[in-house]
Amino acid sequence: MSAPTLFDPAQEPEPDGVRLRTMVLWCPDWPVVAAQVPVTTPAAVLAGGEVLACSPAARVEGVRRGMRRRDAQARCPELELLDHRPDVEARLFDDVLAAVEDLTPGVAPIRPGLCALRVPPRYFGGERETAAVLAERVVELGVWDVRAGVADGVFAAEQAARRALTQDVLIVPPGGSASFLADLPVEVVDDAALTGLLRRLGLRTLGAFASLAPADVVTRFGDHGSVLHRLARGEDPQPVSRRQAPPELGVGRSFEPPLETAEAVVFSMRTAVEELVAQLAGHGLVGTAVRIEVDVDGAVASARTWRHPSWFDAAGLLDRLRWQLAGRTADLQKASDDGSHDGTDRPHGGIDGVRLVPEETSAVGEHAVSLFGQGPDAQVDRGVARVQGLLGHEAAQAVVEQGGRGPGQRVHTAPWGERVDVARPAERPWPGQVPAPAPATVFASPAAAVVVGAEGQPVRVDARGAMSAEPMQFRSGPEADWQPVAAWAGPWPVDEHWWDEAAARRIARFQVVGSTAAPGCWSSRATTGGPRPAMTDPFPAECHVLVARSQISRPERDTQRGWRPR
Amino acid sequence: MDLDELRQRMARLEGRPVDTATVPVHPALAGLVTPRVGGVYGVDAASLVLTLLSGPSAAGAWCGVVGCPDLGVAAAAEAGIDLSRLVLVPQVDEAWWEVVAALVDALAVVVVRPPARVAPKDAARLTARLRSRQTVLVVWGEWPRCDARLSLVSSDWAGVGHGHGRLRSRRAVIEACTDVTVTRRREVWLPGDDLVSRPVQERPVQERPARAPVRSVS
């Protein structure tokens, strides 16, 4: 294989401006670079049990791409194995793309670690100079291994980049793609089935493959083979398609002089919000999550992302803005009540800017209003919005069932109008769950019930789950009357989240049936607090106190309609 | 939309009294109380709230619960209430009256636990609004004028012994006062062993089928 001709800039013909050349930037081992391990650490990224990429340090030890995990570890026992995270890799490569885009427009990402661009013929002084400027910019980002290749087409440029040295460029002269590619092995086309076949046919280099007649290639290898054949001949059918810069959809207004009241801000933002919704609609989109940022004295004072179960219209966004401003005012009010503001000072700085940035959008077609059956729901949304206007955004709640052991844990509430994300799916098995029927009353703040034995001593549960006495009497609160225990069951010890200090709890549950008075209730005695209780600590007890009512004292009735006294 | 419904809408627009439609009711309460749209129904226990709500909710009605932070939502789901059509407003302070008024405009059934005594004048005004909005109000507590009042007279939990078993079913007696003089009582499973609430029926003891007489076959 003869050395590819390095291009001498002195011999560069004057670009005629008709055909721009293509440059490919390649950051080798991008999955490893994206994982941000130290350069000296041998590391490999695995996908499907095989090495997808490895660091130079690992390559020195003999680790290669495509090797199985066991083989790689046999070659290099201290190899650090990393998971393949395509989204993270793509996101980090976006920084490189943005840096390149700053210098020259029209970058086409090929895959994370590889991008193509049209070389500006004269702006930086030539192809070599362009490559040097771009490499310098990318190295500034901390990606020290970047290589460039320049050729007429993307495929040849990529092959050139793969044969360039670190932070260097390999330039294939105009029209020289075919001769540059001729010496390369057929494996570079990255199609295992085709290259295996070509090898068996005795075609070992791209030059040999390229020398076949195009008509024969189409009949023997089909359309796909024909495309690869054109690549091998240096005719690149694929033009560099520029990355479409994402359109700027956010809207913002700044207020001069700053506005003091929430109503004034909402009124001033009305046209901007309508503009945002219209702008999104112009792109065929609706906003499902919108971030609202409020500036006070030139700095962002509050920023919050609002989500909508369906999508935001202008009125909905204005409501969210109003709630956000109201919450901020309440915070300031609290701060001034605490004395952090002196009375002479202005209560708070004026609002001098508001920005709305759509964070999540979806196609408007997914949310099209169906012909029937939407009316009542819209009415409900309006009614609940009025409640939220009265009491605040968190006052009205939507509920979803979720997994959990206690009855209170089995419910997830979220403010109405926000998307509900359930962390614990209900359909998974929950061993130790309080079996159905669930109590109709679950105290938001548990009442301190007391259960005593025959001699009036409190019933305790020791670390092994044994009870100190049989429950005979209980009362559901400090002021409540004692009542006898008609039946009881338990204890069911629960030791949850012992690995998490904040959420850890050790309780023992009982079900106790009384005989008179108060309605069925769920009450708790001595819930855990402070540091995680040790395994040897006795269980605080949680009683499920259910009361069978045989005789009820009838509450006094309104005599207007003549309720019959009993 | 059929002609009757159209007539009713016209009547409502003109402010004439309309014959009110009934609301679906849970089988356990069927015959005991017949809720009608625009009515006010009083209850005195959380399980009765859930049973009363489950009928319309299962039929697709939107429900709202105001001022009941202690309501067991897991039990609501077990009772057959559609949680996706349930709005909770647990913490209401002085504004509870406005909240109820706002929800009455939008939802089909609204449950409220009044934190304060309600003046008959205010109640009458809300009743007029209920009629025009075709909404049912369920009051957990005291209310000046109820169309019917359900109360739990006794309940007897089964399944728990002394240190063994677990709560399985409840046999309860519900009393319904639908009128000044009419009081009906019924014994119901609330819930039964299979978590379904239904009236207690004395099952007719099935007689074992008489055996065919033994015959000699040889």
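**View 1. Six aromatic pairs turn up across all chains when the whole structure is searched.** Rings of Phe, Tyr and Trp (its six-membered ring) pair if their centres lie within 6.5 Å; planes under 30 degrees apart are stacked, over 60 edge-to-face, and the rest tilted. One of the pairs joins A:W30 and A:F93, edge-to-face at 5.1 Å centre to centre with 75 degrees between the planes. A:W30 belongs to helix α1 (residues 30–35) of chain A and A:F93 to helix α4 (residues 86–103) of chain A, 63 residues apart; helices are DSSP runs of H or I, at least four residues, and strands runs of E, at least two, numbered from the N terminus. Both A:W30 and A:F93 are buried (under 20% relative accessible area; exposed is over 50%, partly exposed in between; 1.4 Å probe, protein chains only).

**View 2. Here B:W97 and B:W143 stack, 6.2 Å centre to centre and 15 degrees between the planes.** Because B:W97 lies in helix α4 (residues 96–106) of chain B and B:W143 in the loop between β5 (136–140) and β6 (148–160), the pair ties together parts 46 residues apart in sequence. B:W97 is partly exposed at 23% relative accessible area, while B:W143 is buried at 4%. Ring pairs link both to B:W96 in a cluster.

**View 3. The charged end of B:R113 sits over the ring of B:W140, 3.9 Å from its centre.** This requires CZ of Arg or NZ of Lys within 6 Å of the ring centre and within 35 degrees of the ring normal. In chain A, A:R162 lies over the face of A:W26, 4.7 Å from the ring centre.

**Notes.** This is a predicted model: local features need pLDDT of at least 70 and side-chain atom pairs 80 or more, while totals for chains, interfaces and linings use all residues. Residues are numbered from 1 along each chain as its sequence is written, chains are lettered from A and ligands numbered from 1 in the order written, and side-chain values use heavy atoms, without hydrogens and water.
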